Amino acid sequence: MTSLAGTGVLLRFNLRRDRLMIPVWVAVNALMVLSMPSTLEGLYGTETERADLLHQVATNSSFRALIGPVFGDSLGALTAWRVGVYAGALAAVTSLLIVVRHTRDEEESGRQELISSGVVGRRASLTAALLAAATANAVLALLVTAGLAGRGAAGALALGLGLGAVGMLFATAAAVVAQLTESARLARGLTAAVLGAAFVLRAAGDSVSTDGSSVLTWLSPLGWLSQLRPFAGERWWLLGLFAAAVAAQGALAYVLAGRRDLGMSFLPTRPGPASGRLGTASALAWRLQRGGVLGWSTGFFLAGVVYGGLTDGVADLVGDNEQAREIFERMGGRSGITDAFLASMTGMLGLLAALFVVAAVLRLHGEETSGRAEPVLANAVGRLRWATGHLVIAFGGSVLIMLLAGLGFAVGYGKQAGPILGACLVQVAGVWVIGGLTVLLYGLAPRLAPLAWGVAGAVLLIGWVGPALDAPRAVLDLSPFGHLPKLPGGAMEWGPVLVLLALAAALVAGGLAGLRRRDLTT
């Protein structure tokens, strides 16, 4: 039996399991990219407006740190500048989730042991996981290339291949980390930390250089993506750099996979006894989720500082561009441009906080399917008490990270600390509705619980792309965030906030009632 026996069957199985997650995440990413040219055409339709934008970016280090340098004034080049880094980061997140799910997650749950008892090669599971990620990235590259071909075939191909290459680079990075760690949660966290470091390195490098020539930029794969320069004199040789990195990391993952036993790792978890008290289910939940809460809290605070520091320069960047002003007003309300920018940015962080609450709630699903919940519930711990510990962290943690985001805005902007904190906390109502829906899916139909990621992705798409495309009000209202007051600058409306909080409470109650009555997953 070869080491790759059964790869085809496992690939089909993986794609079947991800038949909802992969299409949703790829569609969100592709639509984000493909919607940008029409938006930019309305914002910067003349050569004068585009020249003014290039001047503003060249002289504003904060915007270069946030988005990157711009290398051309065509709509294609502006599209690659505006969404390239973020689309690449989203492709990386999608890829690392796919690979970890079909490698370390399978071993941790015990399913891989059953699969390996059949006619399955030693490296078949790893190969199938990487091929599933490659499929997702290939579809993304194809959609982007086809959708932007009218702006320039070479540039569209470069951007599509670049996004797919970033995704595969982090897919192979996740494959390496999955061999090193014993926990799927830790594997996802460490790979995400690598992605965060790549973003920080690129931001630091681009902030000090207008052409991306900084050494820090070249240390980041996201920096390589911007230096590929789609629609602005493509540097095709950079795809070879991506290919070499992917091949090196893939080879390392295969070597490591062949030198360890199933379920083991090269960096095993520290043996007990655990330090501190774990006398309650809530204490155990905190021990399991504290790393995620700390990471999200740090990220939101730093994001608040960065966005706050950009606020004073927004008016200069927008200038007399009425279309740009209208987009900010649709996202942040019809107030002054500064308040509208602050409201739109706090709204964007609220959308991202929805991802946190989904991940935290679904930790219950992971504990149950892995079999770790049963030993806890075998003691004098009821299901509701066990679930409540995780839900307090999920819903309370969302309040914490939004509060820290508000503090970050106050530090970066230096003004309106009270109104900005209030604007961030108002977003919690929308976040809790997404969390409540996740609890409902988990409690009533645990097999459908991962659909919460699709809901969060759809809400993110509506909130991010909807205002830029001037989507109908009926579409924007599909998101709970579309009903929240636009703060700061707008009037505080307690009615919609209270309705959303009541809806969230009802969804949580329904989910807990379902959890109490159904059988545990076996």
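Start by selecting Arg 518 and Tyr 442: the charged end of Arg 518 sits over the ring of Tyr 442, 5.0 Å from its centre. To count as sitting over a ring, NZ of Lys or CZ of Arg has to be within 6 Å of the ring centre and within 35 degrees of the ring normal. Now pick Arg 202 and Phe 199, where Arg 202 lies over the ring face at 4.8 Å from the centre.

A quick note before you move on: this is a predicted model, in which local features need pLDDT of at least 70 and side-chain atom pairs count only at pLDDT 80 or more, while totals for chains, interfaces and linings use all residues. Residues are numbered from 1 along each chain as its sequence is written, and side-chain values use heavy atoms, with hydrogens and water left out.

Next stop, ring against ring. Rings of Phe, Tyr and Trp (its six-membered ring) pair if their centres lie within 6.5 Å; planes under 30 degrees apart are stacked, over 60 edge-to-face, and the rest tilted. By this rule there are 7 aromatic pairs. Select Trp 218 and Trp 237: their ring centres are 6.1 Å apart and their planes at 10°, so this pair is stacked. Trp 218 belongs to helix 12 (residues 215-218) and Trp 237 to helix 14 (residues 237-257), 19 residues apart. (Helices here are DSSP runs of H or I, at least four residues, and strands are runs of E, at least two, numbered from the N terminus.)

Are these two buried or exposed? Trp 218 is partly exposed, with a relative accessible area of 27%, and Trp 237 is exposed, at 54%. The cut-offs are under 20% relative accessible area for buried and over 50% for exposed, with partly exposed in between (1.4 Å probe, protein chains only).

Trp 224 lies in helix 13 (residues 221-227) and Phe 242 in helix 14, so the pair ties together parts 18 residues apart in sequence. Both Trp 224 and Phe 242 are buried.

Now look at the loop between helix 13 and helix 14, where you'll find Arg 229 and Phe 231. Arg 229 isn't a glycine, yet it has a positive phi of about 55°; Phe 231, also not a glycine, has a positive phi of about 65°. Arg 229 counts as buried at 17% relative accessibility, and Phe 231 counts as buried at 14%.

For one more aromatic stop, select Trp 296, Phe 300 and Phe 356, which form one cluster.

Finish with a pair of helices. Colour helix 2 (residues 21-34) and helix 6 (residues 75-102): they pack at an angle of about 170°, with axes 9 Å apart. Axes are lines fitted to C-alpha atoms, for helices over the stretch in contact, and angles run from 0 to 180 degrees between N-to-C directions. That makes helix 2 roughly antiparallel to helix 6, the word for angles over 145 degrees. Which residues meet here? Among them are Trp 25, Val 28 and Met 32 in helix 2, and Val 83, Tyr 86 and Leu 90 in helix 6, with contact meaning heavy atoms within 4.5 Å. The residues of this contact divide into 12 nonpolar, 3 polar and no charged. Here Ala, Val, Leu, Ile, Met, Phe, Trp, Tyr, Cys and Pro count as nonpolar, Asp, Glu, Lys and Arg as charged, and the others, Gly among them, as polar.

Definitions and conventions. Parallel < 35°, antiparallel > 145°, perpendicular 65-115°, else oblique.
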